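This report describes a protein chain as seen in a computed model.

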Amino acid sequence: MEANNERRVIDITGMEVHKVVSPPRRSSLQKLKNRLKETFFPDDPLRQFKGQPLKQKLILGAQYVFPILEWGPNYSFNLFKSDIVSGLTIASLAIPQGISYAKLANLPPIVGLYSSFVPPLVYAVLGSSRDLAVGPVSIASLVLGSMLREVVSPTKDPILFLQLAFSSTFFAGLFQASLGFLRLGFIIDFLSKATLIGFMAGAAVIVSLQQLKSLLGITNFTKQMAIVPVLSSVFHTTNEWSWQTILMGFCFLVFLLLTRHIGMRKPKLFWVSAGAPLLSVIISTLVVFAIKGQKHGISIIGKLQQGLNPPSWNMLHFSGSYLALVIKTGIVTGILSLTEGIAVGRTFAALKNYQVDGNKEMIAIGLMNVVGSSTSCYVTTGAFSRSAVNHNAGSKTAVSNIVMAVTVMVTLLFLMPLFQYTPNVVLGAIIVTAVIGLIDIPAALQIWKIDKFDFTVLLCAFAGVIFISVQDGLAIAIGISILKVLLQITRPKTVMLGNIPGTGIYRDLDHYKEAESVAGFLILSIEAPINFANATYLKERISRWIEDYEAEGEGKTKKQSGLRYLVLDLSGVSAIDTSGITLFKDLSMALEKKGLEFVLVNPIGEVLEKLQRADETRDMMRPDCLFLTVEEAVASLSSTIKYQIPDHV
């Protein structure tokens, strides 16, 4: 069929039948360009440069790379008043959390504070979110610590463990920034919502159980992360339990949970939950110092060094036997922290009605981790708890991160001796309170209600984390999610269509009970791209449709005719490859042997173009075998069937 953009109308049985025209011709280079643009540049970042003079293009380019140049010139004292309040508020949360999460990662507590100083400064310059509060997070800390601890002991070889942590942070940042530069952010989309909810809930349970070591005062505790060895370790070391530690832990845990509940129920009282961790640290430190708690079985942090982040680029491992370990750990923690950071940033951006550029966020988070790895920091991202506090405290710009970093800097320079007597039990209580929020039961129930397969993925992620290990649980969940996608690709949905009486509408016969099949026609709708992965299945499925139709027709009266036409509605077929073309050719030949005719309805441009190129003999793509709608196909072809057409057609 020749390319023809003219509209031709044929009047058959009172129905206008419109000719299917070929899509406009485009070169292979144009097609490749459009495909690459939609894959890597769906947001069209260069559109803002169109029609601009050179000077303006340079300014826009600088603002694109450094978002601080966009809002910085218009920054005012009124904005600073809001940012300084929110910055000081999140600093009160970041200091105890930084110390706690570093211990969760099996790192020295001081590293947690280092990680709350340099990365926020880098993000303030490069990040596009006004609400994201940067620092260590529980999930990345847990995964980093558990993956490295499987190979290196943080107690027997602390220097090597620290080196591997910094090296993993470097590769995490490199991976994150590469995703942004190469615009490959769709990779993190393989972590579905169900996967993340199950994984985070399982991680929250494991993190909480790990804190039993601090909450009960246990000295010899298992290094494994699964629930069975953890609980076994707890109940096999009852002789190490300290009632003083348990009492203190219980009191502060109740206090922190109560303040968290108040903050959730009444957002205006966000400062209650935000300040509770620091207040707990201050009170518990004073109590331990007053009663000399370390002499009564209460474990304390001990002396922390003062001063700003020392350089650590000389500690990075780029070769040797541990290279594979740090790369794997970096990629896993990089994906997790990137997913959390972007999700949090987009959540609060939606609340304030502004846009967060995902690729710019990847670059910002990646570069701050690369810089952090050279300044004694481990993996950081935008933490949900701190960002929520930042948002509720009224932050206006990323200056709140700068205020937080300056506050942490002051702490590092002058206040470190004050933390010497901070009990580990309080840090454990702070961690438990923080990770409880990761267990989202309403979201899990909603997934159960909507999609049982997604709920299965959620349960697999949860069970894998708590019964096997954190990284294995994550791998299992991702594997099942990918399996779901593969099943949808290899087993596309195909439905039989029927006519709704009195209309020209054709719908699924199983869905619309009033729909009726049309005698002589088998009308099928394929609702997925056709490719090598599903061509064989579709051929077998369509053959079964034909056999079922013919079996149902046996024994009917002569007035009721057998099958004459197979009509395929291709409206839902967005793409086709050579295996799909072969499928149509095989179907056409098989139907011809049976004395049946093959009809295609509404193939989209790309599909139509490939079918036309492959149909060298013009048998499959004849004008009388190609229609825009099912209604027109039935109306046109019914005139060739020698029996009375039903009134509704």
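## Nonpolar cores

A nonpolar core is a set of buried Ala, Val, Leu, Ile, Met, Phe, Trp, Tyr and Cys residues joined through side-chain atoms within 4.5 Å. Buried denotes under 20% relative accessible area, exposed over 50%, and partly exposed the range in between, with a 1.4 Å probe and protein chains only. The model is predicted: local features need pLDDT of at least 70, side-chain atom pairs count only at pLDDT 80 or more, and totals for chains, interfaces and linings use all residues. Residues are numbered from 1 along each chain as its sequence is written, and side-chain values use heavy atoms, with hydrogens and water left out.

The largest nonpolar core comprises 110 residues. Those with the most contacts inside this core are Leu107, Leu113, Val143, Phe199, Leu336, Tyr378 and Leu412. Helix H8 contributes the most to the core, with ten residues. Helices (H or I, at least four residues) and strands (E, at least two) are DSSP runs, numbered from the N terminus.

With contact defined as heavy atoms within 4.5 Å, leucine 107 is in contact with Ala102, Leu144, Phe161, Leu162, Ala165 and Tyr378, leaving aside neighbours within four places in sequence.

## The second largest pocket

Rolling a probe the size of a water molecule over the atoms shows where empty space is left. On a 1 Å grid over the protein atoms alone, a pocket is an open set of points where a 1.4 Å probe fits, with protein on both sides within 12 Å along at least five of seven lines; lining residues have an atom within 4 Å of a point. Grid points are joined across faces, edges and corners, and a volume is the space filled by probe spheres set on the points.

The second largest pocket holds about 1200 Å³ of space. Its lining consists of 50 residues, of which Lys103, Asn106, Leu107, Thr155 and Lys213 are the closest to the centre. Two or more lining residues come from each of helix H4 (77-104), helix H5 (109-114), helix H7 (138-149), helix H8 (158-181), helix H10 (212-216) and helix H18 (424-436). By class, the lining has 26 nonpolar, 19 polar and five charged residues; Ala, Val, Leu, Ile, Met, Phe, Trp, Tyr, Cys and Pro count as nonpolar, Asp, Glu, Lys and Arg as charged, and the others, Gly among them, as polar.

## Aromatic pairs

Rings of Phe, Tyr and Trp (its six-membered ring) pair if their centres lie within 6.5 Å; planes under 30 degrees apart count as stacked, over 60 as edge-to-face and the rest as tilted. Ten aromatic pairs are found in the whole structure. The ring centres of phenylalanine 289 and tyrosine 421 are 5.1 Å apart and their planes stand at 70 degrees, so this pair is edge-to-face. Phenylalanine 289 lies in helix H13 (residues 270-291) and tyrosine 421 in the loop between helix H17 (399-415) and H18, 132 residues apart. Tyrosine 421 is partly exposed, at a relative accessible area of 23%.

Phenylalanine 584 and phenylalanine 598 form a tilted pair, 5.9 Å centre to centre with 50 degrees between the planes. Because phenylalanine 584 is in helix H23 (residues 578-593) and phenylalanine 598 in strand S9 (residues 597-601), the pair ties together parts 14 residues apart in sequence. Phenylalanine 584 is buried at 1% relative accessible area, and phenylalanine 598 is buried at 6%. Ring pairs also link Phe170, Phe171 and Phe318 into a cluster.

## Individual helix residues

Helix H7 holds serine 138 and alanine 140. Serine 138 counts as buried at 8% relative accessibility, and alanine 140 at 1%. Not counting residues up to four places away in sequence, alanine 140 touches Thr333, Ser337 and Val379. The C-alpha atoms of alanine 140 and valine 332 are 8.6 Å apart, although 192 residues separate the two in sequence.

Threonine 536, in helix H22 (residues 535-553), is exposed, with a relative accessible area of 53%.

## Overall layout

The protein chain contains 25 helices and ten strands. Its C-alpha trace spans about 100 × 65 × 55 Å along the principal axes. Of its 649 residues, 51% count as buried. Among contacts between residues at least 6 apart in sequence, 78% join residues at least 24 apart.
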